[in-house]
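Trainee: I have a model open and I'd like to learn how to read it. Could you walk me through it?

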Amino acid sequence: MIKNLFYLIILNLFLNSFSYALIEVDITRGNLDPLPIAVSPLHVDIKSQEIKDIKVKQLGENISKIIEKNFKSTGLFNPLKKEAFVQKPDIAHLKPRFEDWRLIKAQALVTGKLLIKDEKLKVEFRLWDLTAAKEMTALAFTTTPSNWRRVAHIISDKIYERLTGEEGYFDTRIIYVAESGPKNQRIKKLAIMDQDGANTKYLTLGNELVLTPRFNPTNQMVTYMSYFRNMPRVYLLDIETGTQEVVGNFPGMTFAPRFSPDGKKIIMSFAKDGNSDIYTMDLESRLVERITDHSSIDTSPSFSPDGKFIAFNSDRSGLQQLYVMRSDGSNVKRITFGKGIYGTPVWSPRGDLIAFTKMHKGRFFIGVMRTDGSGERLLTENYYQEAPSWSPNGRVLVFYRETKAGEKGEGFSAKLWSIDITGYNERKLTTKTDASDPSWSSLLSK
Amino acid sequence: MTLKTNLKNILLVIFATLILSACSTAKKSGDIEGDVYTGKETVEFLAAGVPDRVFFATNKSSLTTASRATLRKQATYLRKNKNLTVTIEGHADERGTREYNLALGERRANAARDYLMTYGISGKRISVISYGKEKPVNPKSSPLAWSQNRRSVTVKVN
């Protein structure tokens, strides 16, 4: 549905410019020398019609600001100040005077223009390699004007893709738990926002406790846990229609849900008589399968992107550790043997890494390791943090962090943070309220 | 030689001070024994002399001697009040991952339920629910508060 709103037309993609391009951004290591990039405001065609609730005259400027903010948040780019810009947006978009832009130390330039006609927003943009004096990529597309923020995110994704060689992650959303109220009487609601913190919407009212929402990687469905009628169960929610239903018919608590990579199954834990094991339920056939059968706690399951394996945490060795098994539950192997205890394994969408929470000597770490447990790298240490979730391109993790509380709970906060898997670029996300349990969506326009 | 003896003495003094200070802190928070809360501060009562909750060590769901004594009192009380049904709420402290703590709370509540059942209370009268770390009784971030939050609480339903 969302996909259909966009009509992407490739204008003129100079294929041969790939081989001549001089600028590229290496995102495989911490980038301490971000690429200077100039994002010219998009030129607004004077024939553009007025649209209710949209400041059409400022639209080009506003789109460029969102692109700049996206770029800055990656730590890979350094968007230059607009005061220094040397050419008018419409003229630069036709053909920039490369040597002038190089004078302000820009290495890449983004230009564009837009027109609103017949209630449609038409946008085109170009990315210029200033060093090689070449156009690197160009795109034009048409959408409804109210989608203008997504236009900015899609442009950001295309440019990120062209400069890094990796898929972008800007046209995405994050679902999370919005928290308010005193620490011992917390009110929790499901909330969703654009990746940059805009367009926050609350999906539940806060009447019942809700936890751990997770996106279906293939569509806009969400699975989460709710204490509706004081029965803790896994639910399925369609965020476009608002319809929701209990997943399965379990005679007890179900929790820790996640989708399979094809979006057709939910994997979760079911607790009964003091024992939690892992189950899957096929959403179409409603067939329930038991995956683990062990007297210890088995929970926080996560599929590998090819669907062949499942990572989970279990205390079968005495304390919480990470395990990997085949998706039918066979061949269970413990993968963590380091000091401390480990939880919340989440398989990278690229398949190469598992992100996790580690607890050691009263401190909490977010880290990544290879899927056999080797190559452990701790990315960030804090008083309390957990629950990493991957950006769709597998380059960034979002997680939540809590602060220490005083006598009556004062000083307590829960916030979302992100960090690159390089260990660089740790950032607090802007949320309207306290927040926890983030889950990153796939690209909306893919 | 003298230097060595001096050093030894100094070390001894330091050790003694450490031991003394350790004793005094242990006494101050003397409501914790081996990581399990033994105080009465947060405890409520189902009836006179029948405490409503038992406490657990970090990441554990085994019942201490004191917990078993409390649960035996609850069993006696439930035997006397045959029409009463209860819910046992299992809880964890905030120093663990959310999902694991949900499972841990469920395991703790069931440890209490199982014990009541061995003392003749029908399982039909006891339901369990885990709140994980979602409902701390003490919001402070301190070992004492955490020990008070690692609990299972027996709540009357009717």
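**Reading the strands and cores**

Mentor: Let's begin with a pair of strands: β21(A) and strand β22 (residues 333–334) of chain A run antiparallel and are joined by 2 bridges. Keep in mind that this is a predicted model.

Trainee: Which residue is the bridge partner of Val324(A) in β22(A)?

Mentor: Lys333(A) is the partner of Val324(A) there. The hairpin of β21(A) and β22(A) has 6 residues between the strands, and in it Gly329(A) takes a positive phi near 95°.

Trainee: Why is strand β21 (residues 321–326) of chain A said to be largely enclosed by the rest of the structure?

Mentor: Start with the general idea: side chains in a regular strand alternate between the two faces of the sheet. Then count: 5 of the 6 residues of β21(A) are buried, so the strand is largely enclosed by the rest of the structure.

Trainee: What about backbone angles? Which phi does Thr212(A) have?

Mentor: The phi of Thr212(A) is positive, about 45°, although this residue is not a glycine. Thr212(A) sits in strand β11 (residues 210–215) of chain A.

Trainee: Is Thr212(A) buried or exposed, and how many C-beta neighbours does it have inside 10 Å?

Mentor: The idea is to count C-beta atoms around the residue, with 20 or more within 10 Å making it buried. Thr212(A) has 25 C-beta neighbours inside 10 Å, so it counts as buried. Now look at Asp437(A), which is not a glycine and has a positive phi near 50°. Asp437(A) belongs to strand β31 (residues 434–440) of chain A, and it is buried because 27 other C-beta atoms lie within 10 Å.

Trainee: How do I read a core? Which residues have the most contacts inside the largest nonpolar one?

Mentor: Look for buried nonpolar residues that link up. The largest nonpolar core has 81 residues, and those with the most contacts inside it are Tyr176(A), Tyr224(A), Met268(A), Ile354(A), Ala355(A) and Leu397(A). Leaving aside neighbours within four places in sequence, Tyr176(A) is in contact with residues including Ala191(A), Pro213(A), Leu416(A) and Asp437(A). Apart from that core lies another, of 38 residues, among them Trp101(A), Val110(A), Met136(A) and Leu163(A).

Trainee: Zooming out, how many helices and strands are in chain A?

Mentor: Chain A has 5 helices and 31 strands. Its radius of gyration is 23 Å, close to the 22 Å that the globule rule gives for 446 residues, so chain A is as compact as a globular protein of that length. Along the principal axes, the C-alpha atoms of chain A fill a box of roughly 70 × 50 × 45 Å. Buried residues make up 50% of the chain's 446 residues.

Terms used: Residues are numbered from 1 along each chain as its sequence is written. Chains are lettered from A and ligands numbered from 1 in the order in which they are written. This is a predicted model: local features need pLDDT of at least 70, side-chain atom pairs count only at pLDDT 80 or more; totals for chains, interfaces and linings use all residues. Helices (H or I, at least four residues) and strands (E, at least two) are DSSP runs, numbered from the N terminus. The radius of gyration is taken over C-alpha atoms; the globule rule is 2.2 Å times the number of residues to the power 0.38. A residue is buried if 20 or more other C-beta atoms lie within 10 Å of its own, exposed if 12 or fewer, and partly exposed in between; C-beta atoms are placed from the backbone. A nonpolar core is a set of buried Ala, Val, Leu, Ile, Met, Phe, Trp, Tyr and Cys residues joined through C-beta atoms within 7 Å. Two residues are in contact if their C-beta atoms, placed from the backbone, lie within 7 Å. Two strands pair if DSSP finds at least two bridges between them.
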